Amino acid sequence: MKDTVKQIVEKYSKDKTRLMDILIETQEAFGFISSEAIEVMSVMLNMSKVDVEQTISFYHFFSTKPRGEYAIYLNDSAVAHMFGRQAVKEAFEKETGIRFGEVTPDGKIGLFNTACIGMNDQEPAAIINNKVFTRLTPYRVGEIIRCIRSGCKVDELINESYGDGKNQLPSLRAMVSSNIRRKGMILSDDYVYGTVTSEVLPKMSPEAVIAEIKHSHIRGRGGAGFPTGLKWEFCRRSKGEKHYVICNADEGEPGTFKDRVILTEKPELVFEGMAIAGYAIGGDEGILYLRYEYRYMKEYLEQVLDEMRNKNLLGKNIAGIEGFDFDIRIQFGAGAYVCGEESALLESLEGKRGEPRDKPPFPVEKGYLNQPTIINNVETFATAVRIVQNGGEWFTQFGTEDSTGTKILSISGDCMFPGVYEVNWGFNVNDMLNMVGAYDVQAVQVGGPSGTLIGPDEFNRTLGYSDLSTGGSMIVFGKQRNLLSDVVLNFMEFFIEESCGSCSTCRNMTQVMANKLKKILKGKGVVKDLEDLRSWSKVLQASRCGLGQTAGNPIISSLKNFRHLYEEFIQKEKDFDEGFDLVAAVQDSCKYVGRVPNFHHH
Amino acid sequence: MSKPVIATTSLAGCFGCHMSILDIDERILQLIELVEFNKSPVDDIKTFTKPVDIGIIEGGCCNSENVEVLKSFRKNCKILISLGECAIMGGLPALRNGIPIEECLHEAYIGGPTVGLNKMGIMPNDDELPMLLDKVYPCHEIVKIDYFLPGCPPRADLIWDALVALITGDPMKLPYEVVKFD
């Protein structure tokens, strides 16, 4: 084992900022990261063991205990539950004889829960040794476990047909479906990649590129909506030894999967956009930060990069432009939602725990390795190519005045056609529901758990930065769903799991609010609990990053728009009930010491 | 008007908060001019003998007896104050909250290094004993608490000021030094 770890560390030139890669490869080689391995790393990287351990403990795909030869991660998102996750979970437990969180005694199979893996349009889904298995059924689970027991390799488990589009390529061979339902400028097939780099860029100065981006008024597609042109300009003006271009492909917002589809179907467009950004800000290094859930795309994306290098769309003096050097590497995360926050992403890129940084300084001044850095969403880079191709003016004809261009939506839940839709901004929710075949709709979650839950009386609201802003996640809930217990509680538990724990507000208030919600659902709530939830949630605003600031949104927005659902559970005759249950509280201790609980003693 | 009546108790606490009450020093004489004590370790009255205005609770709830006493305070007192870290958050005793109750009991009576004399591995299970709760609860998770006085222990001046404010109805002075905790 020690030799393998040594080789891995040497492969990354004993560079401690590459700790993530070192840990990922070690985890994959042995199924866990042993204390021996940690010892070797800490000596060779000249770090304390605790520094290595704290990075390991932060990411949920890392483990210091064996996770099994076949580590099965079953998605735990609300939509997975809606489409039969419970039965699939039970089937896994029945077939393996173990519970989730455990490994079979022979060390063969491990069962684990994991947060949304970006497959909401094909749930229930699981990841087994980096391969994605979609649309699972109890029957299929039986097959998979029997195959594993008989010694099949993971590739051999995928005996069903591959997904659509490029998922069928030999380098991908994924069961995943892209489910593209509507195409616009990004997903359309009429752009031949490389055209802008080789034909437009040689005639444009970097400043002219930024001017076009600014003129297009495009705002960041990740959800926060910062004007992209300004970001690039600030970064170009910042002084540093080196400027970096980072593509944020950590889409962890439950219900979002459009970046997976863009990277599957149009990766060249994203990489070309990164190169254009590099040209604009004067940077020669790009990094695609890809969530570990999409590890199955590694080989495919690396082939695409190689192809682009061969065509001189990456590399030195790109497209014959003297001094335009740019190359891209892929950095994987290891399972942490908060790494989608740009400064947490930077920390992770540097091999550390993905805890958000204090701002300012902003990444455009001090980003990756303290150098000026732009971080943009996958979709933003892809869009930038079309803007530079056709000009900023052309771009403004799409969408609305304050939200120009198109937006790629990930739509899932109770609808006939879940999948990816590229629409012009300015769409309203009703249009969207008609488009996806959703009827009898109770609610729509716009922008994922950190966004808003709206009901039918708000379905005439418009998608755009000035009204209903979204990074692309839209989840439809039919009338049959129990919003509070199936959706809101699931979202709160997601935030509890994914809080990095750095700010006490986010670490604690998420727990406090979820506990209060559970108490209300048990019928122990009083009117004051609703008021407490509303007023206490304000504490979360003091959190350092967006995760903490929005972690109360599932409760706040459902309380605002679906108050009647809460009120059904509220005890009207009481003004105080903490829901404390003495009988339940003494049960375990009495059992252990061997006595019968006695409640009439005092 | 008759003097306001005060009751106090220490649940799962260390009596440090009560010591802090005594730390008001000679003002204790002034206090007994202002108020009358009922059930409290201060005067050793064991049960409530009349309705009480202000109940002061030290400590959280770690067993069934704590819960009983706390509920009787709620029943007999108009106003309840959680006094100190343990009453408010569980405090030091709540360190066991992350450990299963079975492990705690095993460590205390069977496996711990200082258990030498309990050779037969006897667990305290007499019917007379209070029953341990699965975890230590702060008081406001059992009954409604009206006011919280933080600190470990809360400073004597804070206790004094709070009582005076409650009795006189004047607003309480809360200078920065009183509300900062690090």
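Okay, so by helices I mean DSSP runs of H or I with at least four residues, and by strands DSSP runs of E with at least two, both numbered from the N terminus. With that, chain B reads β-α-α-β-β-β-α-β-α-α-β-β-α-α from its N terminus on, which gives 7 helices and 7 strands.

Quick housekeeping. This is a predicted model, where local features need pLDDT of at least 70 and side-chain atom pairs pLDDT 80 or more, while totals for chains, interfaces and linings use all residues. Residues count from 1 along each chain as written, chains are lettered from A and ligands numbered from 1 in written order, and side-chain values use heavy atoms, without hydrogens and water.

On to chain B itself. Its C-alpha atoms fill a box of roughly 60 × 40 × 30 Å along the principal axes. Of its 182 residues, 42% are buried, meaning under 20% relative accessible area with a 1.4 Å probe, protein chains only.

So how does chain B meet chain A? Through contacts (heavy atoms within 4.5 Å), 26 residues of chain B touch 19 of chain A. The two bury about 2100 Å² between them, 64% of it on carbon and sulfur atoms; that's accessible area, 1.4 Å probe, lost on being put together and summed over both. On the chain B side, B:N125, B:D127 and B:M131 lose the most area, together 27% of what that side buries. The elements of chain B giving two or more residues to that side are α3 (64-76), α5 (101-111) and β6 (132-137).

Technical notes
Buried means under 20% relative accessible area, exposed over 50%, partly exposed in between (1.4 Å probe, protein chains only).
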